[in-house]
Amino acid sequence: MQTDSGDMSRVVEHLAQVEGVAEDILADKQKLIDLDRRRNKTREAMRILQKDKTEEKKWICFGNMFIKVEKKKASRLLEHDFDEIEKEMSKTRTELKPKVNQLRDLEHKEEAKGFNLNPLSDSEMKAVKDLL
Amino acid sequence: MSLCPPGGTYKHPGGMAASTAEKVQEVREVTRIERIGAHSHIRGLGLDDALEARQTSQGMVGQLEARRAAGVILEMIKIAGRAVLIAGQPGTGKTAIAMGMAQALGSDTPFTSIAGSEIFSLEMGKTEALTQAFRKSIGVRIKEETEIIEGEVVEIQIDRPATGTGAKVGKLTLKTTEMETIYDLGQKMIESLTKEKVQAGDIVTIDKATGKITKLGRSFTRARDYDAMGPQTKFVQCPEGELQKRKEVVHTVTLHEIDVINSRTQGFLALFSGDTGEIKSEVREQINSKVAEWREEGKAEIVPGVLFIDEVHMLDIECFSFLNRALETDMAPILIMATNRGITRIRGTQYLSPHGVPIDLLDRLLIVSTKPYEEKEIKQILKIRCEEEDVEMSDDALTVLTRIGMETSLRYSIQLITAANLVCRKRKGTEVDVDDIKRVYSLFLDESRSTQFLKEYQQEFMFNEVGESIDMLNECFY
């Protein structure tokens with residue numbers, strides 16, 4: 001009986017670990033989706049400001065507050081936001097990889113092949129593309 | 001198989017429709033039978049985690065030691081320049097073991113299988129053919145990374161300028177299950193959207209770097225938009241997650257494929273000739289250095305594969321010395337050879353050597369031998385083959401077939417399965433029984449009965465005298 005409960009607790013511990021890592025991955029994926037949504041909204045806003053020919057101050061909604069700012073300043077703010085979001089997304093993506101590998105390791109699956117390779121450049125890819 | 005009588009149509013008591021249906025059925029069956037290879041039932045080596053061979057597993061039966069050895073070989077695949085020789089009498093599962101190894105390697109590991117005699121061709125030298133086979137067995141893993149926008153088209157709005165000429169502008173609304181957004185369209189994008197005939201309800205991907213648009217299909221939610229669809233209409237789910245995704249695709253290409261692409265001097269000509277002919281050694285050197293560069297930059301991984309040369313005794317002494325040398329390069333795959341010869345002459349020489357392979361090459365090889373199957377194992381294999389070929393067979397018939405297999409050869413008895421099944425269907429039976437086996441046994445001769453027959457009736461065959469006279473001629477020449 002003693003060994004049984006020992007095995008049991010080991011199984012539970014292992015499952016908890018797997019679930020923990022999986023949860024983390026899912027959270028990151030959701031984060032990517034949210035970031036992309038914000039990125040698209042920011043992009044739309046930038047476009048609208050770009051197309052607008054008037055020189056008045058604009059209403060902008062930050063969080064849940066409307067602020068009236070100058071057009072130039074508004075587009076600068078948006079551009080800054082956009083860059084930040086892009087940076088955050090690529091950071092999240094790079095962090096996601098080791099986590100997925102960790103999960104596969106815990107599940108005793110083989111490491112995903114070629115996961116850690118650096119991508120070929122565009123011109124190199126074009127050369128290889130013919131045979132794919 | 002029932003055939004139409006010559007010059008007449010096949011009449012069936014069931015009437016026209018039934019007979020047509022049956023004929024269609026028959027035609028289909030025949031093509032299917034033709035498509036089953038002799039080793040199609042093999043799914044792997046049938047080893048457990050501790051590399052112990054199970055008696056019957058993944059289509060493999062018996063040959064426990066040879067299979068265990070093959071499993072060990074797969075484990076050491078990382079070390080370049082290893083070579084293995086599988087030696088055994090005909091029909092003892094040499095090719096089956098090689099196939100099992102290929103299956104166990106998975107689709108990502110290159111596996112090339114050639115027969116020894118394949119390298120003798122007028123189009124290219126022997127060493128060129130061998131080099132190509134070697135390079136077909138080395139994979140290079142590379143990664144492609146693209147940013148794509150993937151979503152369902154909610155709306156396309158294109159504004160034509162009032163004057164009729166000038167730049168068009170437009171808007172494209174895309175959505176995934178999570179979000180929706182509007183893109184402003186420029187002239188270029190409008191043109192390619194029109195060219196691809198993209199409309200609301202399509203699922204598209206847009207490559208961010210090149211702006212290339214690919215239509216994946218129509219959204220399921222739009223399945224009822226029209227009553228009649230073109231045959232190519234494909235319905236897909238609305239994509240999930242982000243609209244703008246980073247797509248990473250890992251490809252494994254073989255060195256030979258890269259060689260071929262780069263040795264094409266006049267583009268499309270090579271496409272039509274099919275055969276690429278010889279590849280210049282400069283091209284190969286260039287590619288080797290490029291791949292080495294990629295490896296240093298972390299852009300590529302080398303995937304050593306397996307080259308299987310069946311009937312290796314068909315190679316001649318020059319090929320063997322080439323193999324000796326080629327095994328020493330750092331990009332050599334695992335070389336597996338199979339032969340059914342004992343001590344015999346090495347091709348191209350007068351010297352005798354075990355397996356028809358020179359001693360210096362033999363010295364580098366790990367030799368795995370296969371032994372003849374026992375009765376129980378033959379029965380098991382025949383049973384597996386029956387399942388593979390969808391043949392129902394009674395136990396008695398299987399026992400009889402096993403006896404035939406013991407007395408003649410495993411190959412012959414496997415051949416009889418399909419033939420017996422056809423006889424059985426001709427008499428509209430559902431299960432092959434002993435009589436069917438007896439019938440095909442009398443219809444088709446095995447090798448020893450055929451030899452017996454020839455010995456008895458040799459005098460009555462055509463060209464018998466000519467054969468003798470040729471022998472005499474030959475004697476005159478020497």
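The legends below describe close-up views of a predicted model.

**View 1. Overall make-up of chain B.** Chain B contains 16 helices and 17 strands. Of its 478 residues, 30% count as buried. Among the contacts in chain B that join residues at least 6 apart in sequence, 66% are between residues at least 24 apart.

**View 2. Helix α9 of chain B and its buried face.** The helix spans residues 317-326 of chain B, and its buried residues are B:Cys319, B:Phe320, B:Leu323 and B:Ala326. Viewed down the axis of α9(B), these buried residues fall within an arc of 125°, so they line one face of the helix. An α-helix has 3.6 residues a turn, so residues three or four places apart point the same way. The partners against which the buried residues of α9(B) pack are α4 (126-136) and α10 (359-364) of chain B.

**View 3. The crossing of helices α13 and α14 in chain B.** Helix α13 covers residues 410-426 and helix α14 covers residues 434-443; their axes come within 9 Å and cross at roughly 115°. The crossing of α13(B) past α14(B) is right-handed. On the α13(B) side, the residues that meet α14(B) are B:Leu416, B:Ala419, B:Ala420, B:Val423 and B:Cys424. On the α14(B) side, they are B:Asp436, B:Ile437, B:Arg439, B:Val440 and B:Tyr441. By class, the residues of this contact comprise 8 nonpolar, no polar and 2 charged.

View 4. Strand β1 of chain A, residues 58-62, is hardly covered, with a count of 0 buried residues among its 5. Strand β2 of chain A, residues 65-69, runs antiparallel to β1(A), and 5 bridges join the two. In this pairing, A:Lys58 stands opposite A:Val69 in β2(A). The two strands form a hairpin with 2 residues between them. In the turn, A:Gly63 has a positive phi of about 60°. In a regular strand the side chains alternate between the two faces of the sheet.

**View 5. The side of chain A that touches chain B.** Contacts between the chains involve 20 residues of chain A and 27 residues of chain B. On the chain A side, α1 (2-51) and α3 (122-129) each supply at least two residues. The largest share of that side, 7 residues, comes from α1(A). Sorted by class, the side of chain A that touches chain B has 9 nonpolar, 3 polar and 8 charged residues.

Terms used:
Residues are numbered from 1 along each chain as its sequence is written. Chains are lettered from A and ligands numbered from 1 in the order in which they are written. This is a predicted model: local features need pLDDT of at least 70, side-chain atom pairs count only at pLDDT 80 or more; totals for chains, interfaces and linings use all residues. A residue is buried if 20 or more other C-beta atoms lie within 10 Å of its own, exposed if 12 or fewer, and partly exposed in between; C-beta atoms are placed from the backbone. Helices (H or I, at least four residues) and strands (E, at least two) are DSSP runs, numbered from the N terminus. The arc is that of the directions from the helix axis to the C-beta atoms. Two residues are in contact if their C-beta atoms, placed from the backbone, lie within 7 Å. Ala, Val, Leu, Ile, Met, Phe, Trp, Tyr, Cys and Pro count as nonpolar, Asp, Glu, Lys and Arg as charged, and the others, Gly among them, as polar. Axes are lines fitted to C-alpha atoms, for helices over the stretch in contact, and angles run from 0 to 180 degrees between N-to-C directions. A crossing is left-handed if the near helix is turned anticlockwise from the far one by less than a right angle, and right-handed if clockwise. Two strands pair if DSSP finds at least two bridges between them.
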